[in-house]
Amino acid sequence: NGNEYHLGIKFGDTTVRLVGLPKIHELEDLAPTMNFRYIESPDGVYHYPIFTTAEEAEYYDEIHNSLSAGTGSSHTHTYDDDPTNTTWYMPEASHDPTSYSYAYAPTGNETFSGNTINWTEVTSLTDADLTPPQFSGSDITQEEGTNVNIQVTPAGASWTTNVSITPSS
């Protein structure tokens with residue numbers, strides 16, 4: 001890596017001799033602590049592996065895809081049904097969305113770098129929790145030309161509501 005090191009040796013007395021040259025060892029950078037997670041979003045579709053840090057996702061990308069050290073990449077995801085609104089990291093920046101989408105949760109038999117993966121599920125809401133309630137209201141009869149102001153969409157809602165008025169002419 002272009003780093004220069006020096007070795008100093010101090011002997012306890014003058015009768016000791018160094019028989020051979022010391023061996024040189026370079027240590028590999030420490031791997032990040034890998035916390036494997038998965039999420040079911042939307043219902044029936046599982047995404048994994050996802051990580052809380054880019055470092056984990058990029059390290060996974062390097063090892064899983066046999067890339068050179070430091071060349072792994074990642075991209076981010078957020079999920080509408082994740083109540084924590086966490087930004088999750090997934091391996092591979094130029095990513096086909098189906099690469100890490102499955103019809104089943106991980107089985108627990110998967111391994112990474114020779115170690116069994118301990119999966120943690122990210123708790124998500126069900127799709128039904130994300131659907132706004134259907135509007136229901138009673139019919140309103142007013143004299144022609146009378147102003148009517150009826151709230152049909154709650155303040156701050158992210159959806160729209162259509163209203164039909166009869167007769168139309």
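**Chat on a predicted model: prolines, strands and core**

Q: Where is the place of P42?

A: P42 belongs to the loop between β1 (37-40) and β2 (46-50). Strands (E, at least two residues) and helices (H or I, at least four) are DSSP runs, numbered from the N terminus.

Q: Which serine with a positive phi follows α1?

A: S66 follows α1, and its phi is positive, near 50°. S66 is part of the loop between α1 (54-64) and β3 (74-77).

Q: And what is the phi of S113?

A: S113 has a phi near 55°, again a positive value in a residue other than glycine. S113 is placed in the loop between β6 (111-112) and β7 (115-116).

Q: Why does S66 count as exposed?

A: S66 counts as exposed because its relative accessibility is 68%. S113 is likewise classed as exposed, at 52%. Exposed means over 50% relative accessible area, buried under 20%, and partly exposed in between, with a 1.4 Å probe and protein chains only.

Q: Changing topic, how many helices and strands does the chain have?

A: The protein chain has 2 helices and 8 strands. From the N terminus, their order is β-β-α-β-β-β-β-β-β-α.

Q: What is the order of strands in the open sheet?

A: The order is β5-β2-β1-β8, an open sheet of 4 strands with mixed pairing. The edges are β5 (101-102) and β8 (120-122), each of which pairs on one side only. Two strands pair if DSSP finds at least two bridges between them.

Q: How many bridges join β1 to β2?

A: There are 3 bridges between β1 and β2, which run antiparallel. E40 has Y46 in β2 as its bridge partner. The hairpin of these strands has 5 residues between them, and G44 takes a positive phi near 90° there.

Q: In which sense do β2 and β5 pair?

A: β2 and β5 pair in the antiparallel sense, over 2 bridges. Y46 is the bridge partner of Y102 in β5, and H47 stands opposite S101.

Q: Why is β2 described as largely enclosed?

A: Because 5 of the 5 residues of β2 are buried, the strand is largely enclosed by the rest of the structure. For the protein chain of 169 residues, 21% count as buried.

Q: Which residues of α1 are buried?

A: They are E56, A57, Y59, Y60, D61 and E62. These buried residues pack against β2, β3, β4 and β6.

Q: How many residues are in the largest nonpolar core?

A: That core has 19 residues, and M34, F36, I50, Y60 and F112 have the most contacts inside it. β1, β2, α1 and β4 (88-91) each supply at least two residues of this core. Such a core is a set of buried Ala, Val, Leu, Ile, Met, Phe, Trp, Tyr and Cys residues joined through side-chain atoms within 4.5 Å.

Q: What does F36 touch?

A: Leaving out residues up to four places away in sequence, F36 touches P49, I50, F51, Y60, F112, I117, N118, W119 and T120. A contact means heavy atoms within 4.5 Å.

Q: What share of the chain's contacts join residues at least 24 apart?

A: That share is 52%, among contacts between residues at least 6 apart in sequence.

Q: Finally, how much of the accessible surface belongs to carbon and sulfur atoms?

A: Carbon and sulfur atoms account for 48% of the accessible surface, which comes to about 13,400 Å² for the protein chain. Accessible areas come from the Shrake-Rupley method with a 1.4 Å probe; for residues, only the protein chains shown count as cover.

Note on methods:
Residues are numbered from 1 along each chain as its sequence is written. This is a predicted model: local features need pLDDT of at least 70, side-chain atom pairs count only at pLDDT 80 or more; totals for chains, interfaces and linings use all residues. Side-chain values use heavy atoms; hydrogens and water are left out.
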